[in-house]
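Look at the model first.

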Amino acid sequence: MIEAKNLNLYYGAFHALKDINLKVAEKSVTALIGPSGCGKSTFLRTFNRMNDLIPGVKIEGDIIVDDENIYQKGIDVDRLRKRVGMVFQKPNPFAKSIFENVAYGMRVNGISNEKVIKEAVEQSLKQSALWDEVKDSLKKSAYALSGGQQQRLCIARALAVEPTILLMDEPASALDPISTAKIEELIHELKKKYTILIVTHNMQQAARVSDFTAFFYMGSLIEYDLTKTIFTNPAKQQTQNYVTGRFG
Amino acid sequence: MKKIFERIVEGFLFLSSTVTTITVLLIILFLFREGTGLFGKSPTEEGFTVAVNKNNPVSELNAEQVKNIFDANIENWKQVGGKNDSILVFRMDDIFKFYTEEELAGVDTNMTLLASKIDEVIQKNPNIIAFISSKNLPANPSSKIITIAKINLSDFFRGEEWFPTSQPVAEFGIYPLIMGTLWVSFLAILIALPFGLAMAIYMAEIAAPGVRNILKPLIELLSGIPSVVYGFFGLIVIVPLLQKTFDLPVGETGLAGSIVLAIMALPTIITVAEDSIRNTPVSVKEASLALGASHWQTIWRIMIPYASSGITAAVILGIGRAIGETMAVLMVTGNAAVIPHTILQPMRTIPATIAAELGESAKGGMHYQALFALGCILFIITLVVNLTVEMISKKRKQNR
Amino acid sequence: MNHSIIKKITQAIAFNIFRIMSVILVAILFSILAFIVYRGASYITWDFITKMPEEGMTKGGIFPAIVGTLSLVAGSMIVAFPLGVCSGIYINEYAPENGFKRFIKLMTNNLAGVPSIVFGLFGMSLFVNTLKFGDSIIAGSLTLGLLALPVIIRVTEEALKSIDKTYREASYALGATKLQTIVKVVLPMSMPNILTGLILSIGRVSGETAPILFTVAAYFLPKLPTSIFDQVMALPYHLYVLSTSGTNMEESRGMAYGTALVLIIIVLILNLIANIIRHFLMKKIKHK
Ligand SMILES: Nc1ncnc2c1ncn2[C@@H]1O[C@H](COP(=O)(O)OP(=O)(O)O)[C@@H](O)[C@H]1O
Ligand SMILES: [Mg+2]
């Protein structure tokens, strides 16, 4: 169960997120759409406190993850991030072998039993539909993979620490159509086990993969509803204009 | 008209851009021309010869044997392959031991007289070895000139004695200088590296931006301070400190040189290492944090490996600088040309040798040429260092 | 123990080690500066800067060394600055992207890495002996100029590279030729960076000792040069002499502290100017 309550975020003086209230349904895919610069990534990154890294960021309001306000004092951010996985826009594997990329998350979280790690790596690679392609070359550098494979590796890497929530920031925007289709298929599979938040600026993609859609505009959440409703019968004119491609 | 003018300017700019290349080529030309002149020469000073009695079976000696004979370390011809007979060493001024002033009267004006006297001495003493001016060899001698092995590259590198001005034969063994250089430079990097890396990591990841903005110009300032000033500081502060701490006869030691060099190498190491740590793509850093890794785990397991080629480049560059650094080292290492056994003894590096001795060497002489040969070695070392760094950074760019 | 606590403790230990090491290092480096400033300050008087050395360099001033260093700086910059800037312009603006350009850049990098004592050997062999300039300002300046050249080239290159392509295109669109574009648009914009490089290389040149040992520097010469074929004293060499081979080293110690401080002050001032240029002129250009 995740939720944003009266969320405001400032980059210095710039008001980037304005009074956002949003409840995300579990084990489903929620798409965040909106024109570039409207705050989708910023919003997504509040759920694993990735914005903490940027100097001058100020956050007001609550983000609730599993009945807990993650911005309250005494929260263990590392543990939070272990529960909330993230996939980035561009594939960003580490300069390590394929195996070690997936194993990394477990190692830094204190798992040292090689047998456990090996099983989990295999499991994660299978979940991300990469196992068959790489099972004979686990020792090879992750850079040897294609862009699409690298992105699936990054998904496997995120899954390996057993998160319950997956944040995806335009995970297919740097990929070719075939790889994109594979990722979308994968998202479809993953939502059986995970709560997924995905940023996309591709309207068809949002329509294809998501159950719910939130439309952002200039830092505000304009409309949030079932994807079907947003794309066929939105309540707001602004949303209508955006999904039909009249602006943005 | 305008076109032609632009062409001329372009031509001029082109010529300017070739100056560095030309300079490198000129350096190679001039250094190697002088430096290689040393090899194939006889190590006796020009115009002098070593001669023995005609009946002496020995006709060839190497530089070290000659030196040992004249230093009275070898006293019997048997030791150098001759008869069992003690060696009688003869230098020009020994002539007075054989003749009285009166007998030598007129020698100043009549060189042939001196020559014949010397010839007489050599004839009378079958066990003699004489170091004499070539001019004083009589036309029809009863003596035999000893062939002394020519200076070659392997003796130059492996020779353990550096006596560039000793008589009758100079010795140009640079092994102690090479060892001195390596000891001092590598220890310097060993000292500088942990501190440099710690500071680089601190500045790149840990320090608040405000702190970093103060440290950055301070380090730039330190990299601009002349090496003599560091040398002076070393001489005034570090040398006495080491002498007291380790209770040494002299404080001017390899360690003093290493410490001063470490201080001097730090700004380079810090700057290059910090840059390469900061060059780790943000998204890779974020990916690690997003998996629940702590900031430290991310630095240690992701960012440092990512920056490792840059850090390697920093280290190699630092070693290159340290090997070539002259003045500071010259001032604090004590400059004894011996093979080092401990870091707490005086040492002498290649650049310090050049700086200390070039002024007193005769232009075009063997000593002068030997110092140029040392220059060639330094040049080659820095060339290798640069090409290595170049290769590393090229690889890094490809990996991006 | 819980792993996330171990993680936190490890991080705290590691970060504190780095903090402490950095503090120690900064303290050491800073105390070097402070030591020389503290010891040297009392020797820096008007007389020290404007008088000739007296009584075996134990009294008097360092005026001829200051003049010598200034003339070497001026001489070397007359050589290196125009050549370096022109060369940088050619490499960044004209040279086609081919092996030749890479070769020139490689050679420039190589020259930058050549130790200063090798420059000394080279300068002596070429300028002093072969060209028969003797130990002279001109021989020293040429040697130092070649030493500073790669730095200026690289700085110029970087400065030009940082100018956005759009400025050049805008100028071409107005019908300006390549040369006009470079002279009227690109160079003025990159000047602050180039000047910063110039100033920092002045700092480097004024402190170099090894290249001038055998090309110009005089041990003791209490008069001013009258032509570029004269020998001169120079600050860094003077410091070297005072601290290692003076006739009465103990008594000339004060002079040595003073000279060291003068050298530091020169570097300090040059750095300050460079930073001021960097900040203010850069801002001005951005605002345009
Ligand atoms: N680190 C930052 N510092 C300052 N402003 C930022 C930063 N990151 C993003 N912004 C601003 O916040 C707004 C939202 O950015 P972002 O969340 O990246 O938008 P989106 O992902 O929807 O394209 C933009 O106007 C952007 O310029
Ligand atoms: Mg975005």
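A backbone N or O atom of A:Lys40 sits 2.9 Å from an oxygen atom of ligand 1. This is a predicted model: local features need pLDDT of at least 70, side-chain atom pairs pLDDT 80 or more, while totals for chains, interfaces and linings use all residues. Residues are numbered from 1 along each chain as written, chains are lettered from A and ligands numbered from 1 in written order, and side-chain values use heavy atoms, without hydrogens or water.

Q: How far is an N or O atom in the side chain of A:Thr42 from an oxygen atom of ligand 1?
A: A:Ser41 places a polar side-chain atom 2.6 Å from a ligand 1 oxygen. For the A:Thr42 side chain, the distance from an N or O atom to an oxygen of ligand 1 is 2.4 Å.

Q: Which helix gives the largest share of the shell around ligand 1?
A: The residues around ligand 1 include A:Lys40, A:Ser41 and A:Thr42 (near means a heavy atom within 4 Å). Helices are DSSP runs of H or I, at least four residues, and strands are E runs of at least two, numbered from the N terminus. The largest share, three residues, comes from chain A helix H1.

Q: Is A:Met218 buried or exposed?
A: A:Met218 lies in the chain A loop between strands S9 (212-217) and S10 (220-226). Its phi is positive, about 50°, although A:Met218 is not a glycine. Buried means under 20% relative accessible area, exposed over 50%, partly exposed in between (1.4 Å probe, protein chains only). At 53% relative accessibility, A:Met218 is therefore exposed.

Definitions and conventions. A polar contact is a pair of N or O atoms within 3.5 Å; within protein, one must be able to donate a hydrogen and the other to accept it, and residues adjacent in sequence count only if both atoms are side-chain atoms.
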